[in-house]
Structure formats: C-alpha cells, structure tokens
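Welcome, and thanks for taking a look at this model with us. Please open the structure first, then read on for a short briefing.

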There are 2 protein chains.
Amino acid sequence: MDYERRRTLTVLGGGLAAGLMGPALLRCTPSPTSDASTASSEPGSHVPLPYVELDPVHVGELAYRNFYRGDCMYGVFASVVEALAEKVGEPFASYPTSVTRYGAGGVMGWGTLCGAANGAAMAIYLVSKNPAQAVSEVFGFYEKEALPNFVPAGAKFQLVSSVSGSTLCHVSISKWCDASGFKSYSAERAGRCAQLVASVAKHTVEVLNAQADGTFSAVHKLSGAAIACRGCHDSGGVLENSRGMMECGGCHFTQPGEHP
Amino acid sequence: MDYERRRTLTVLGGGLAAGLMGPALLRCTPSPTSDASTASSEPGSHVPLPYVELDPVHVGELAYRNFYRGDCMYGVFASVVEALAEKVGEPFASYPTSVTRYGAGGVMGWGTLCGAANGAAMAIYLVSKNPAQAVSEVFGFYEKEALPNFVPAGAKFQLVSSVSGSTLCHVSISKWCDASGFKSYSAERAGRCAQLVASVAKHTVEVLNAQADGTFSAVHKLSGAAIACRGCHDSGGVLENSRGMMECGGCHFTQPGEHP
C-alpha cells in the first residue's frame, strides 16, 4: 500500500499526507520484506512515529477506562495514542484507533491472541525503533507474571491474579477462572480483563520509556524448557518444523516420558 | 480515544479530521462497551467506513505481492485498503497501513495469531456492518480449508496445501511443514505463507462482497465437537470457565476416554 499511497499523495500534492502522518510518510520508498524480524524503521514504512516518554500509571488508568468503552485491544492501543496526543498533539490526535476494537475477546470473541497483547504490539510497532525487542518483553511479561498486577484508581473489584503461561485470550481467561472461582461471563471476569488491560498498558509504556532513555533490559525471557524444545523444532534444529516464541507448555500438555 | 480525539478536533476546527476520516468520524459520540460482540456501528466509532464491492482475485494478487513487502498481516489488510483506494480514493488512499506489519509471523515472530487472520479481521472491522459474522466465516475458513487454495499469477512455487485446524501461526506452519516436508525457515514455507495470505485476502473480499449484496451465508461453522465442548465450558454451561470460538482440537490433544 505504501508505494501506491505515496504515489497518490504525490499526485494530490501531499497536503493530506502531511496532515495525516507528517513528513515521516513522505520520506519513504518501498522495499521488499519477507521476514518476521522486519524492523519498523525499514524503507517503505511510516513507522515508527516519534515517541516521547509517558507516565505508565496515567496510561494504565486511561486503559482501564478505555476497556469499558472499546474492549481490550482498543484499551491498550488507544490509550497509548491518547497519551501521546495529550503530550504532542499530531499525528497522534487524529490517528484512527477505533478500528482496534476488532481485537476484543481474542478477535471478535474468538479467544485467539489476547486483545491487550495485540494492542500492545500494535502500539509498540507504531512508535518503537526496536519493536521486536519490546514486543518480546511485553509478551513474556504477559505469559509469566501474575496478572492483573496493577489496580487502577476506582477499580470496580479487588481480584486475585493468575499466571497465564500464554498470550491467548482463551487460556488466559480459563486460568484466571480456575484461580478465582469466577465464571468466564461474570462481571468480575470483565473487571479482571479491564485491570489486565491496565497492567499491560502500564508495562508497555515502561518498556517504551526504557527503550527511549537507553535503559532497556529484557526481564521476561524465554524459559529453558521452551529453549530446549526449540533446539530441535526451530531454526537450524534437526526437525525445523516450527516457528514462534510462545512458551510451549501453554498448549502442549505432553507429560515427561511421553515425548519421542 | 474517540471522545478526546473528537474534542481535540473540534478545537482544531475539524479540518484534519475531515481530511483523514471524512464526515464519518465527526458523527460520533462515545458509548461504554464491554463485550466482544460489540458491533462496529456503535456510537463512538469511526468504523465502518463505506465498502464497495471488490474483485477477490485482484485483491488476492495484491496480497501476494504485499506479503513480500510487509509480511502476512500487512499483506491482507493493506491490500483490501489499497483496492478500496483504487476504487474510491479517500479515506482509504491515506489510511495508515504500515503499522500492520507488527502482525508478521504471529506478531513479530511469536507464532500467535496468524497475521493473515489478524489482518483480515482488522480489514473486516474497518468496513463491515456485521464484522463478527464475517470474521467468524473467515476464521472458520482458515481453520477448516486446505490452504493455500489460490495460486496467484507469477507465484514462485507450486505447493501442497494443508488443513491447519487453528488460526495460530505456529500450528498452521507446523501442520504445513508436516504435509509438505519443507522446513519452517525455507523459501518454500515463505512462499506458502504468501499464497495463504493471497487465499485469505481473496476469501475476505468474497465474504465482504456477499455481505454487501445481501447474499452472505456462513459456510465454515463451528464443528459439532467444539459445540459439545462449549456445552459445559462456555456461556451458561455447568463450568462456564472458557470463552472463544476456536476449534478445541487445535491445541487440546486429550484422547477420548481421558477427558473427565
């Protein structure tokens, strides 16, 4: 799309583009890519937009409120954009965010990737110069921390936390239902997701801030168990029949001794 | 974000907003939401943008090319937007698409939700008046069809297809590696993902067209096995400890007789 958009905008004189995305868009030329490690700073991309450090607690509070307005993906993505708009105005003030409501409930209720994680990744890619690093830290945090771990001001419930072991909505919710005793369609479960969204938004900003001020250090890394699995199944392994960074135990329930 | 954006744009006189999203944005007022079934036509949303019927094969061809420029999520999302821009211009011609590169390889290589599915869902939410219906059809198609099922003009490889049984990148790739004998970091696997992106983009447009002309009918529905699981684990079930629409067998490998 970038090339055609650029061409169209050149024909139009670039006025709208300048208003929408600023000069960043117009600097670009397209470039072929085909690998998931693609850096956002590559030619052909309007990202990353310039980031300024934000208050993690403030963004967490925004995310809690925005969950109840547009669900989980919107809760994280729109809150980061909204906080940037508060500080710097454009291009964030007019950046379209409502479309991210599609991520609700692991994408329209399907229970796939948690919308908080999906929204965090999109927000990171929008503004980070090293999005792979930041996404891995936030996704690792999501898998390994007992969440929610941040209670916003005015939260409706005091709730227990649980470790998901997975970034998937379905797994995350079921683990919390087991830990809490609440049902998956209860108001308490919705309140837990709202606080989880706030927790993920807060940590996303902490990671972006650390990248921005040069103090970033990965905390939530791939486990030894997953590294062992990847030794055979990932790049260069004898099987090389898999791709991914998820913790394997989130879905593979094979007992020790049953694995070939 | 919507309310603050609307307020900001009012202060600014709305000129940029009109250029960015057209009058659709300015009609909106915010409204609380907290359920994954949220319709995109609710107050507070700039979506859906107006859809016009597209040529599915053309969009599939665009998606194949765009995969090699921006990976899987971008391949689907940007191609639908690009085709709409070709037909109607704004607001699609200046709609930001490069950010969707974050979805590559199940989000920055993590192997979670397949980027083709993620991009299809976002594209659907952008333009469909009933996004839940369309996403369910496209996700069901992704799980149940042998993919890729569309070979674009100029495709680099002739490849076998495989049924994923899951919308997750990791599962989808591993199933195809098993079926094809190719490794997960091979050029053939990348070619398979490019053709899968083309196949998903083509079907997404078929579904959007059917919704637009009133002929939509769901083809790829939840299996009887998954419906049986949901009888206990989903809304109203005796356990009610789960949410989601995924086929359970994509991750749950329990043999008959082992389930409680």
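**Briefing on chain A**

Chain A is divided into domain 1, covering 56–213, and domain 2, covering 222–254. Please keep in mind that this is a predicted model. Let's start with the overall fold, then turn to the domains and to one helix pair.

**Overall fold**
- Chain A has 9 helices and 0 strands, so the order of elements from the N terminus on reads α-α-α-α-α-α-α-α-α.
- Of the 260 residues in chain A, 56% are buried.
- Among contacts in chain A with a separation of 6 or more, 62% join residues 24 or more positions apart.

**The two domains**
- Between the C-alpha centres of domain 1 of chain A and domain 2 of chain A there are 26 Å.
- Domain 1 of chain A gives 7 residues to the contact, and domain 2 of chain A gives 5 residues.
- On the domain 1 side of chain A that touches domain 2 of chain A, there are 2 nonpolar, 4 polar and 1 charged residues.

**Helices α6 and α8**
- A pair of packed helices is described by the angle between the axes and the distance between them.
- For helix α6 (residues 131–144) of chain A and helix α8 (residues 187–213) of chain A, the angle is about 145 degrees and the axes are 10 Å apart.
- The crossing of α6(A) past α8(A) is right-handed.
- From α6(A), the contact uses A134(A), E137(A), V138(A), F141(A) and Y142(A).
- From α8(A), the contact uses V200(A), H203(A), T204(A), V207(A), L208(A) and Q211(A).
- Sorted by class, the contact of α6(A) with α8(A) holds 7 nonpolar, 3 polar and 1 charged residues.

Technical notes: Residues are numbered from 1 along each chain as its sequence is written. Chains are lettered from A and ligands numbered from 1 in the order in which they are written. This is a predicted model: local features need pLDDT of at least 70, side-chain atom pairs count only at pLDDT 80 or more; totals for chains, interfaces and linings use all residues. Domain bounds come from an automatic or database domain assignment. Two residues are in contact if their C-beta atoms, placed from the backbone, lie within 7 Å. Ala, Val, Leu, Ile, Met, Phe, Trp, Tyr, Cys and Pro count as nonpolar, Asp, Glu, Lys and Arg as charged, and the others, Gly among them, as polar. Axes are lines fitted to C-alpha atoms, for helices over the stretch in contact, and angles run from 0 to 180 degrees between N-to-C directions. Helices (H or I, at least four residues) and strands (E, at least two) are DSSP runs, numbered from the N terminus. A crossing is left-handed if the near helix is turned anticlockwise from the far one by less than a right angle, and right-handed if clockwise. A residue is buried if 20 or more other C-beta atoms lie within 10 Å of its own, exposed if 12 or fewer, and partly exposed in between; C-beta atoms are placed from the backbone.
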